[in-house]
Amino acid sequence: MLALWLQASLQSHNFVVAEYWHNMMPIIKKYYLPNTDSYVFEDKHQIKGFISIIDDKYIGALFVMPKFQNMKIGSKLLNYAKKLYPELSLKVFLKNEDAVRFYKKNDFKIIGEQEDESTGEKELLMSWSLGCKSGYNKTHPGDS
């Protein structure tokens, strides 16, 4: 999972210096991965992607091995998480346009914008909740 994280991070975040991601590896290995609920997509004895959830609601990572992207693996991982957790939120770099499109397509809404302290890059705060596609929970039949 760590190798997949590094490879996918370098590719999808090429606007952040590579040294940053290499420096993060020990932290991800020692503190991050052991303290998340992680689910992997494995096919033919090879991990092709994973999603990690923190505190039952925050997507800390959703990565697919670059050569297996655009094969619905990310969607399958996200849909699996949506079955387990009624609310999910995440942060995504504004410059990671593919990821922003992916989350919007999967009913995540932008709820804020801030600067990532570590990189100085702008990031979007996005959220999803069960039964809420428009930012409004239907409470009665016929509500729109």
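In the hairpin of E2 and E3, which residue takes a positive phi? That residue is aspartate 55, with a phi near 55°, in a hairpin that has three residues between the strands. Helices (H or I, at least four residues) and strands (E, at least two) are DSSP runs, numbered from the N terminus.

The model is a predicted one, in which local features need pLDDT of at least 70 and side-chain atom pairs count only at pLDDT 80 or more, while totals for chains, interfaces and linings use all residues. Residues are numbered from 1 along each chain as its sequence is written, and side-chain values use heavy atoms, with hydrogens and water left out.

Strand E1 covers residues 37-43 and strand E2 covers residues 46-54; the two pair in the antiparallel sense over seven bridges. Two strands count as paired if DSSP finds at least two bridges between them. Within this pairing, valine 40 has phenylalanine 50 of E2 as its bridge partner. Two residues lie between the strands of the E1 and E2 hairpin, where lysine 44 takes a positive phi near 55°. Histidine 45 is placed in the loop between E1 and E2, and has a positive phi of about 60° although it is not a glycine. Histidine 45 counts as exposed because its relative accessibility is 79%; exposed means over 50% relative accessible area, buried under 20%, and partly exposed in between (1.4 Å probe, protein chains only).

E2 also pairs with strand E3 (residues 58-64), in the antiparallel sense and over six bridges. Here glycine 49 has valine 64 of E3 as its bridge partner. In the loop between E2 and E3 lies aspartate 56, which has a positive phi of about 60° although it is not a glycine.

Helix H1 comes next. Its buried residues include Leu2, Trp5 and Ala8, and the buried residues of H1 pack against H2, E2 and E3. Leucine 2, in helix H1, counts as buried because its relative accessible area is 19%. Leaving aside neighbours within four places in sequence, leucine 2 is in contact (heavy atoms within 4.5 Å) with Met25, Ile28, Lys29 and Leu33. Leucine 2 and proline 26 are 24 residues apart in sequence, and their C-alpha atoms are 9.5 Å apart in space.

In the loop between H1 and H2 lies histidine 13. Histidine 13 is buried because its relative accessible area is 8%. Not counting residues up to four places away in sequence, histidine 13 touches Trp21, Phe63, Phe93 and Asn96.

The largest nonpolar core has 38 residues, of which Ile59, Tyr103 and Phe108 touch the most other members. The elements that give two or more residues to this core are H1, H2, E2, E3, H3, E4, H4 and strand E6 (122-129). A nonpolar core is a set of buried Ala, Val, Leu, Ile, Met, Phe, Trp, Tyr and Cys residues joined through side-chain atoms within 4.5 Å. Tyrosine 103 is in contact with Leu62, Leu78, Leu90, Phe108 and Met126, neighbours within four places in sequence left aside.

Which residues lie nearest the centre of the largest pocket? They are Leu62, Phe63, Asn96, Ala99 and Tyr103, out of 39 lining residues. Two or more lining residues come from each of helix H1 (2-12), helix H2 (18-32), E3, helix H3 (73-84), strand E4 (87-93) and helix H4 (97-105). E3 gives the most, with seven residues. The volume of the largest pocket is about 1,400 Å³, the space filled by probe spheres set on grid points that are joined across faces, edges and corners. On a 1 Å grid over the protein atoms alone, with a 1.4 Å probe, a pocket is an open set of points with protein on both sides within 12 Å along at least five of seven lines, and lining residues have an atom within 4 Å of a point.

Proline 86, in the loop between H3 and E4, touches Trp128, Ser129 and Leu130, not counting residues up to four places away in sequence. Asparagine 79 lies in helix H3 and counts as partly exposed because its relative accessibility is 37%. Asparagine 79 and asparagine 106 are 27 residues apart in sequence and 8.7 Å apart in space, C-alpha to C-alpha.
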